[in-house]
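Here is a short report on one protein chain.

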Amino acid sequence: MLAGAGILLGVAAAPAQAAEVSYATECIPPAISGLPPVQGTSKVEITAQAEAKVGDEVTITWKFVQGASKNPDILDLEKDTVKPTGTLKAAGAQTADIAMEGPRTNPPIPKNSDMKLSDMTGKLKLTTAGEVTLTPDAYNVNVSKPLSTDTKCSPKETVKSAATIKVTAGGASSGGGTGGTPTVSPTVPTGSPSPTASASGSGGSDTGGSTGGGGQTDFTGKEVSVAYACKTPIGDKNATSPVQINARKNGGSFDLTVEFKKSVMDSPADIPADSVKPSMEVALGGADKGTVHVEGPTNAKAIKSGDPIEIPDLTGTYKPGANGESTLSPGVLTVQALGTTTTCTPEKAEVSLTLDTTEQASGASGGGSSGGGSTTSGGTSSSGGLAETGAESHSALKALGLVAGTVVLLGGAIFTFLPSRRMR
């Protein structure tokens, strides 16, 4: 009787099989990273039912024994932020592309450590008797924080099949031929990808060198082309952007507006609302010395991937600290975004506006920044030169360092953009 029971159990429960396969893999980091493709080796274990009948729907598991690379030395990935998806190829008696998906569950992944990817599962309905082979193909890794980005990985060699299902006739077939339709039961919504670029701005006036005589109240600066050296969270970048400084007299002080012009870039990824904050330290020269802090609002609306990125006008108050002709030049720029800071320093001072100034109490000269509570911090220079690149005092234009990543299974993501002038 016991022997008979054992035979019955053997018939009822087809054993599962698990096999591991390794293959050379190329992973493409997200477009925002600016990083080259990464070459590595994927080790994958496929588990599937060894035997089944036509009409059965089988569940298949894809386990990552080894991803194609480590998390780079850029960013610690938080718990439950990484989600894999992929394609498993069925061939032989039946052909199909089986969609595989894993939950967004992972332990914290420190910088420069192995990626930890959840097991992916998928389903295949068997339609034809014979042997069906299962071979891992391309896969994608989505990281949800601090920005949703994708790294796409694909085989660079012919991959060996990792498992075979022996399919027998006998069950009612729900479809013929070679087109089994795989289904997946997703557990977590898929993350969104990243893209490319372009936004336009309006040109500026070249009537620089305005002075404060004759009862004039509005002063239009000259558009100057400024070369910036930018320090991003994961590297240095260079950029050039046209900038214009305008002023309006307000008592003994001046309300400043800094405009960015003629720059082009679309967002390479979805950016949440209220997450990008630009500012600048306008450099004073001539009779006056120091800097004036100007800043813009954070983005009021989310910026969708592919939409233009626009830097708003930066505003602040200049309280003169000297009598005479004082010059204003674009200074150090800072962009704070999603917990990261990018700082851009001009290679040289380019004067955009010259004003006739009258010294005011607690004015700028020799004291760093000027008026209106606009105090520079973080070690900015007040000797007439440009502010230094400290961690807190600065401003925004060229580079937005968005670290989003995991290089092979993501790729440290920075993107550098030129700000765009708002459409009037």
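In this predicted model, residues 24 or more positions apart account for 74% of the contacts with a separation of 6 or more. The secondary structure comes to 1 helix and 24 strands. Of the 424 residues in the chain, 46% are buried. The chain exposes about 17,800 Å². Carbon and sulfur atoms supply 51% of that area.

**Cores**

The largest nonpolar core has 38 residues. Ile46, Ile60, Trp62, Leu124 and Leu134 have the most contacts inside it. Several strands give two or more residues to this core, among them E1 (16-28), E2 (38-49), E4 (57-66) and E10 (130-143). E10 gives the most, with 5 residues.

What does Leu134 touch, leaving aside residues up to four places away in sequence? Its partners include Ile46, Ile60, Leu88, Ile98 and Ile165. Lys89 and Ser161 are also among the residues that Leu134 touches.

A second, separate core has 26 residues. Val226, Ile311, Cys344 and Leu355 are included in this second core.

**Largest pocket**

The largest pocket has a volume of about 310 Å³. Its lining counts 17 residues. Asn299, Ala300, Lys301, Ile303 and Glu310 lie nearest the pocket centre. The lining divides by residue class as follows.

| Class in the pocket lining | Count |
|---|---|
| Nonpolar | 10 residues |
| Polar | 2 residues |

Notes
Residues numbered from 1 in each chain as written. Predicted model: local features only at pLDDT ≥ 70, side-chain atom pairs only at ≥ 80, totals over all residues. Heavy atoms only, no water. 1 Å grid on protein atoms, 1.4 Å probe; cavity = no way out; pocket = protein on both sides within 12 Å on 5 of 7 lines; lining within 4 Å. Points joined across faces, edges and corners; volume = space filled by probe spheres on them. Nonpolar A, V, L, I, M, F, W, Y, C, P; charged D, E, K, R; others polar. Helix = DSSP H or I, 4+ residues; strand = E, 2+ residues; numbered from the N terminus. Buried < 20%, exposed > 50% of the residue type's maximum accessible area, 1.4 Å probe, protein only. Contact = heavy atoms within 4.5 Å. Areas by Shrake-Rupley, 256 points an atom, 1.4 Å probe, with all protein chains shown as cover. Core = buried A, V, L, I, M, F, W, Y, C linked by side-chain atoms within 4.5 Å.
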